[in-house]
Amino acid sequence: MTFRNFCRFLAIGLLASLSTTVAAQNDAAPINVVEPEDDGPGIFYIRAQAGYSYANLVSLRETNFIPEAENVSGSGFGGSLGLGARIAIVGLGANANFHRFETFDLASVGLDIAIHLPIPFISPYLRLGIGYAWVGSADFSTLSGDVSVDGLMADFGLGLDIQLIDRFSIGAGVDATFLNLTRQGIAGAGSIATIDVSEDGDSLGFQLRASLRLTVHI
């Protein structure tokens, strides 16, 4: 074999090897770019609610509380603000409520726990709560002096949230609140009808609320 033929065979071999390498690279599986997964709604939330309610401060029990002539029930608009955290199906939160009625305001602050059913895009829930409630701006005209009414409350509710996007959901719910309130005695006030205003009074009433809510997940 002459030197020229040797060079020719060497060049053909190199070209064949290069072609094989290029073909192998072209046949290789494409590299997949992994997109970051959506983490979904955040654990923490801020919630605003607005709605209509009915309250009766003495519907279940009343002992030396308010003279019968006074209006201790009514209906009106109100709202609430809350914040908390949800892990899996369990939510823990704190909230503040305020509702205005014709002859008094009713406000409360409390803690609650909620159980959410794990259904895609919608979230039915059941909640229980406890807290502190008080009556403000009371127009109890037959009572002299400032009237202080406050006490404990316990409530439960159910409703439905709809996940619009990862960070926002809207919903609606109904709540029932039991109010165990105490009227502080007014020194030197005497008696009105069968009520000794100078002594403390006690009542057990309730409030029913229907509301719409917007939740921001953080």
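A salt bridge is a side-chain nitrogen of Lys or Arg within 4 Å of a carboxyl oxygen of Asp or Glu. Side chains of opposite charge can pair when their charged atoms come close. This is a predicted model, in which local features need pLDDT of at least 70 and side-chain atom pairs count only at pLDDT 80 or more, while totals for chains, interfaces and linings use all residues. Residues are numbered from 1 along each chain as its sequence is written, and side-chain values use heavy atoms, leaving out hydrogens and water.

**View 1. Asp-175 pairs with Arg-209.** Here the two side chains form a salt bridge, 4.0 Å from N to O. Asp-175 sits in strand β7 (residues 168-183) and Arg-209 in strand β10 (residues 201-217), 34 residues apart. Strands (E, at least two residues) are DSSP runs, numbered from the N terminus. Asp-175 is buried at 7% relative accessibility, and Arg-209 is buried at 9%; buried means under 20% relative accessible area (1.4 Å probe, protein chains only).

**View 2. Arg-127 meets Asp-112.** Look for the salt bridge of 3.4 Å, N to O. Arg-127 belongs to strand β5 (residues 122-136) and Asp-112 to strand β4 (residues 105-116), so the pair ties together parts 15 residues apart in sequence. Relative accessibility is 8% for Arg-127 and 14% for Asp-112.

**View 3. Arg-127 also bridges to Asp-155.** The closest N and O atoms of this pair are 3.3 Å apart. Asp-155 lies in strand β6 (residues 149-165), 28 residues from Arg-127. Both residues are buried.

**View 4. A network of salt bridges.** Asp-112, Arg-127, Asp-155, Asp-175 and Arg-209 are linked in this network. The structure holds eight salt bridges.

How values were computed: Helix = DSSP H or I, 4+ residues; strand = E, 2+ residues; numbered from the N terminus. Buried < 20%, exposed > 50% of the residue type's maximum accessible area, 1.4 Å probe, protein only.
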